[in-house]
Amino acid sequence: MSAARLRPLLGAALDTTPAYRGLADALRLLVADGRIPSGTRLPSERDLTTALGVSRTTVSRAYAELRDRGYLESRQGSGSVAVLPGAATGRRQGGGLQPTSDRLDGPVIDLTCASMSAPPGTVAAYERALEQLPRYLTGTGYHPLGLPALREVLAADFTARGLPTDPEQVMVTSGALAGIAIAARAVLSPGDRVLLESPTYPNAIETLSRSGARPVALPMGAEGWDVDTAEATLRQTAPRAAYLVPDFHNPTGALMPEDQRARLGRALAQTRTVAIVDETLVELAHDPDMAMPTPLGAHHAGTVTVGGASKTFWGGLRVGWLRAPRDLVPALVTARLTLDLGSPVMEQLVLLDLLRHRDTMLPARREAIVTTRDALVGALRTRLPQWRFTVPRGGLCLWAELPEALSTPLTVAADQRGVVLAPGSQFAVDGGMERFLRIPFTGHAPEVVADAVDRIALAWEDALTGRPARSRRSPLVA
């Protein structure tokens, strides 16, 4: 990270007396929050001294304090490198997300799962699909690329959104996460670098890491993506692939603007990086009249676009899809056949029916999402006014910044108050994010969300005072 890039992140750090202490605290917080990912080389003392207009002693003492506290290491040939104390294993173990099987409101309120119950009309879609099923029963039932009729509809959707697509470029998968796994298996080899936004979807981190790839963190800011940093990171690391969520990013809710997509697409092409773009939330704009940017794949030919039915319709409908460049389709088919031989025919027919009726289903879906979102925002502003967040324009969750780095203690305390939360660290590529918390605004009625925030406010007081709590259950999130 260059001194010029670091300077605006430090804010008013040097206003503290003594100045070295303010600089050290600001840098420590940036590392702990993940805004400076672990493993990042910091500017030399001389470069930072020049950029900040302070004495060399100020920077030297700040770096020395960070080394003493375990946030900085001096490595031969690498200079001063940011690290997290005691984080030799990087992200904490068990970082994958396990969705809950029961979404009924009860004494324990689960605020971890960013999913919804099935929308009205789902049973009718199954009934209509069942009428179509007999025509497929005379075949083997194996469709590695998916049913032709479904692929045609998905291809037409991409084309209408500005990414010309033929059905031969579409593969139907057993959910979006399966699509990510297929893409990883087709593109990555052990030891390859893969760029991931930090924070990002935890199961994607696990899936890509288990492919043998080496994760490279691209820090997300409060306003979304820093394309300057993205371009520099791509040049410096030349990753084989990049996993990106440009549409209502999970967990921050950010939407990447068109101009940033164009710049990022050029940078990806220059480094010959395959983009694995997650579009599972693309249809969940809260304002139905919002003008959406064109798919990132329209700006970078080497993009594999992943979609799925879980967020738009229902998690129990385990159907997703991939849209890929023509030359990559054979590798994707080969990779897919090592995992399964195709998605269930019945569920594909259901999804086909839902897509044909979405114009009548999605308005009520959006209304329910916005109602619960507003209830969550109102309750947080009333009960926890010191928490900071940006109200998302789409997606299913809110990313809150806490006044103190107590995300994990908060989840422990909240568990004792009957609310299950996922700490920010679960969404970090290299650890940190202890000042952040993802709160989905789906799955519960507005009054239940308000009750949950009341309990979270009490748990926040517990975390601040360090009250002891019993061992917490493993988080269950999606």
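This is a predicted model: local features need pLDDT of at least 70, side-chain atom pairs count only at pLDDT 80 or more; totals for chains, interfaces and linings use all residues.
Buried means under 20% relative accessible area, exposed means over 50%, and partly exposed is in between, with a 1.4 Å probe and protein chains only as cover.

Residues are numbered from 1 along each chain as its sequence is written, and side-chain values use heavy atoms, leaving out hydrogens and water.

One more convention before the helices. Helices (H or I, at least four residues) and strands (E, at least two) are DSSP runs, numbered from the N terminus.

Let me start with helix H4, residues 56–68. H4 has 13 residues and spans 18 Å from its first C-alpha to its last, close to the expected 18 Å at 1.5 Å a residue. The expected span is 1.5 Å times one less than the number of residues.

Which residues of H4 are buried? They are Thr58, Val59, Ala62, Tyr63, Glu65 and Leu66. These lie on the same side of H4, because they cover an arc of only 160 degrees around the axis. The arc is taken from the directions that run from the helix axis to the C-beta atoms. On the face turned away from that buried side, H4 carries the exposed residues Thr57 and Asp68.

What do the buried residues of H4 pack against? Their partners are helix H2 (19–32), helix H3 (45–52), strand E1 (72–75) and strand E2 (79–82). Contact here means heavy atoms within 4.5 Å. Just after H4 comes Gly70, with a positive phi of about 85 degrees.

Glu65 brings us to salt bridges. A salt bridge is a side-chain nitrogen of Lys or Arg within 4 Å of a carboxyl oxygen of Asp or Glu. The structure holds 21 of these salt bridges.

One of them joins Arg21 and Glu65, whose closest N and O atoms are 3.4 Å apart. This pair links distant parts of the chain, with Arg21 in helix H2 and Glu65 in helix H4, 44 residues apart. Arg21 counts as partly exposed because its relative accessibility is 33%. Glu65 is buried, at 14% relative accessible area. Both belong to a network of salt bridges that links Arg21, Asp25, Arg28, Glu65 and Arg69.

Next, the pair Arg383 and Asp454, whose side chains meet in a salt bridge at 2.9 Å, N to O. Again distant parts of the chain are linked: Arg383 is in helix H13 (residues 358–383) and Asp454 in helix H15 (residues 446–465), 71 residues apart.

Helix H15 also holds Asp462, which is 45 residues from its partner Arg417, in the loop between helix H14 (407–416) and strand E12 (419–420). The side chains of Asp462 and Arg417 meet at 3.0 Å, N to O. Is Asp462 buried or exposed? At 9% relative accessibility, Asp462 counts as buried, while Arg417 is partly exposed at 32%.

Now helix H6, residues 148–160. H6 has 13 residues and reaches 18 Å from first C-alpha to last, close to the 18 Å expected. Its buried residues are Leu150, Arg151, Val153, Leu154, Ala155 and Phe158. The cover over them includes strand E4 (170–173), strand E9 (303–308), strand E10 (320–323) and H12. Just after H6, Gly162 has a positive phi of about 105 degrees.

Gln348 is buried, with a relative accessible area of 0%. Not counting residues up to four places away in sequence, Gln348 touches Gly146, Leu147, Leu150, Val172, Val319 and Ser343.

Last helix: H9, residues 227–237. Why is H9 described as largely enclosed by the rest of the structure? Because 8 of its 11 residues are buried. They are Val227, Thr229, Ala230, Glu231, Ala232, Thr233, Leu234 and Thr237. Among the elements covering them are helix H1 (3–6), strand E5 (193–198), strand E6 (214–219) and helix H10 (258–270).

That is the end of the tour; I will take questions.
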